[in-house]
Amino acid sequence: MKKPPVAALLLSSALLSFSCNEGSNTIFYNIINDTAVSNLNQLGNYANVPSMTKIGGSYYAAVGVIRRRAASGSVTSWNSFTLADGIHYTVATDGTRLYGGVVFENASGGLYATADPESSSPTVTQITSLADLKYVVKIKNFGSFVFASYRKTDGTYSVCSISGTSATEEPGLDALDLADPISDFSFSGGTLYFVSGQKVYRGTTEITPAAGRAYTGITYDSGRLMAATNSGYIYYSGDNGNTWPNASSASQCTYTQNSRTIGVPFSEIVPVSSTTLYLAGSRGAGFWIIDWAASTPITRWNGSSYSELYNGAIEHIHVDTDVSPARYFFCTIGAGLWDNTYDAGWGGTWTRE
Amino acid sequence: MTRSEKEYDVTTGVKKTTMTVLAVLLFLQSGFLSAEEKKPAVPPRAGTVTHILGDQSFIFELGALIPMFFVRFADGAAEFTNLSIGPKASIEYMNYLSNSVALGVELTGGFCFSPNFNIYWTLPITAKIIYIIYIERMQLFLDMGLGINLQKFLEYGHVDLFARPHVAFYFPIDPTLDLGIGVGYWFIPQFATADQPQDQSRLGNFLDISLSLIYHF
């Protein structure tokens, strides 16, 4: 039996390992821009960080427990505390209180608040005014207005507004009997916008841009309403959702994973401070930049050298506009918490908390 | 003196002269005055090897890969590579065309680190032509390699053209082994693909310094 040509086998193996996945940037370009990450590894480089917020001088991240660190100064460590005995996965604030959603072992959950989150032993109040609360899906604040989407005990979904230690279901939503989770919502000018399954709502009015899409993100900013799907589409409206100019012309945003082309599963959209740009998080393709004035409005962030953020599952983007330039926190699932400033471009150093 | 006596004297004189010359010649040829025998013994020089068509060698190199700079094709500006110095190794098969010219095929591998400790892998495969200059016992190799460079950074791979002029000095250890040191300069033109921004095309410049061993067989 002939001996296999060992040298040929070794060379073939070497060649195969250099398979040509070209990426969206050249290799030398990626290398040049592979600037050092300030890897603090305080939260854990592979932590699940689905949500974070800021009250006063501290950041609060939901990482199973609540982790807190000073927003300024040289302290970079995160202290931890809990609101209840369970998994903390969503937080928000009205500027005074910290609100948190906690899920328990029996798959039920609760909504909690504390007025002294900076304390070493915060006083925690469970919000029980929603008698049919099964568990909280997401809590978000818009200035001092705090809302939470939640699942009811009857299996339907709704949104409540939170004030102090009381929560009230938004009027009219009960009648909608929404069977799909409300994965995102936005509030502006007294109007609540939210997405539920394949539908987009303005208050209790359905304003779905295109049928057959699963909507996962929505935001209203500066007169523009944007709705994102989990299949790579982002629609916009300039008239409060009455019409969607790109409903039939929107290009699908895709990315390549394991040699497959996949529609980008967008999660959340936030405005970039002092610009007309927006950032759209995705679950598996990092974040994308939206510039409606550009010929290609939606492009992927080109930081491929930061592969864990570039390919990250971004559940939430927190914007701290109290500092200048504003700092953007990318809450990922499985890749920790990343942040950087933006001022006509990203800052020189990405921080991994 | 009678005529016969004169003739006898001449004859005798010639005989005497002839005998004297012969004696001197014999004396000289006897080696008595030979310089070679009187010179002190000198150790013989190490044998030099002359290569002919078909002689073969393997060359093994191990050294450092030094990233120099990138040049943007768009505007000619130079940029810092953002890479650390890394190791590099190669193996080459060389076949002599004559004592001064040889052809070779070389496989090289090396890597460098980025600031985030991401690894830039490089695997040039080149065909080479080598010109050899003999200086006393040393050999000066002047060679040029042309080929391709397989590269990988993070999960991205790319194949570029590759050129490497190279200079090396070798000292013979024995008829089958030469040890040397060499310096090579890498040119890696990297062009953006159709899906990549064209202003990202760059010329990579690297330097390698290696210890080298030639095995002749």
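Predicted model: local features only at pLDDT ≥ 70, side-chain atom pairs only at ≥ 80, totals over all residues.
The interface was examined first. In chain A, 29 residues are in contact with 36 residues of chain B. The size of an interface is often given as the accessible area lost when the parts come together. Between chain A and chain B, the buried area is about 2,800 Å². Carbon and sulfur atoms give 62% of this area. The count of salt bridges between the two chains is 0.

Over all chains, 23 salt bridges were counted. One of them joins A:Glu353 to A:Arg69, with the closest N and O atoms 2.8 Å apart. This pair links distant parts of the chain, 284 residues apart. A:Glu353 lies in the segment after β30 (350-352) of chain A, and A:Arg69 lies in strand β4 (residues 66-70). Both residues are buried.

A salt bridge also forms between A:Asp184 and A:Lys138, where the closest N and O atoms are 3.5 Å apart. Here strand β14 of chain A holds A:Asp184, while A:Lys138 sits in strand β10 (residues 133-142). The two residues are 46 residues apart. A:Asp184 has a relative accessible area of 0% and is buried. A:Lys138 is buried too, at 12%.

In chain B, B:Glu61 and B:Arg164 meet in a salt bridge, at 3.3 Å from N to O. B:Glu61 belongs to strand β1 (residues 56-72) and B:Arg164 to strand β7 (residues 156-174), so the pair ties together parts that are 103 residues apart in sequence. B:Glu61 and B:Arg164 are buried. Both belong to a network of salt bridges that also includes B:Lys88, B:Glu92 and B:Asp208.

Aromatic pairs were then searched. In one of them, the ring centres of A:Trp301 and A:Tyr306 are 6.0 Å apart. Their planes lie at 15°, so the pair counts as stacked. A:Trp301 is buried at 4% relative accessibility, and A:Tyr306 is buried at 5%. Both residues are part of one aromatic cluster, whose members include A:Phe287, A:Tyr310 and A:Trp350. The ring of A:Tyr310 also has the charged end of A:Arg300 over it, 3.7 Å from the ring centre. Elsewhere, A:Lys140 lies over the face of A:Phe185, 5.8 Å from the ring centre.

Strand β14 of chain A is part of an open sheet of 4 strands, ordered β14-β15-β16-β17. The pairing is antiparallel. Strands β14 (182-188) and β17 (205-206) are the edges, each pairing on one side only. Strand β16 (residues 199-202) is joined to β17 by 2 bridges. A:Tyr201 has A:Glu206 in β17 as its bridge partner.

Notes:
Residues numbered from 1 in each chain as written. Chains lettered and ligands numbered in written order. Heavy atoms only, no water. Phe/Tyr/Trp six-rings, centres within 6.5 Å; stacked < 30°, edge-to-face > 60°. Buried < 20%, exposed > 50% of the residue type's maximum accessible area, 1.4 Å probe, protein only. Lys NZ or Arg CZ within 6 Å of the ring centre and 35° of its normal. Pairing = 2+ DSSP bridges. Contact = heavy atoms within 4.5 Å. Buried area = accessible area lost by both parts, 1.4 Å probe. Salt bridge = Lys/Arg side-chain N within 4 Å of Asp/Glu carboxyl O.
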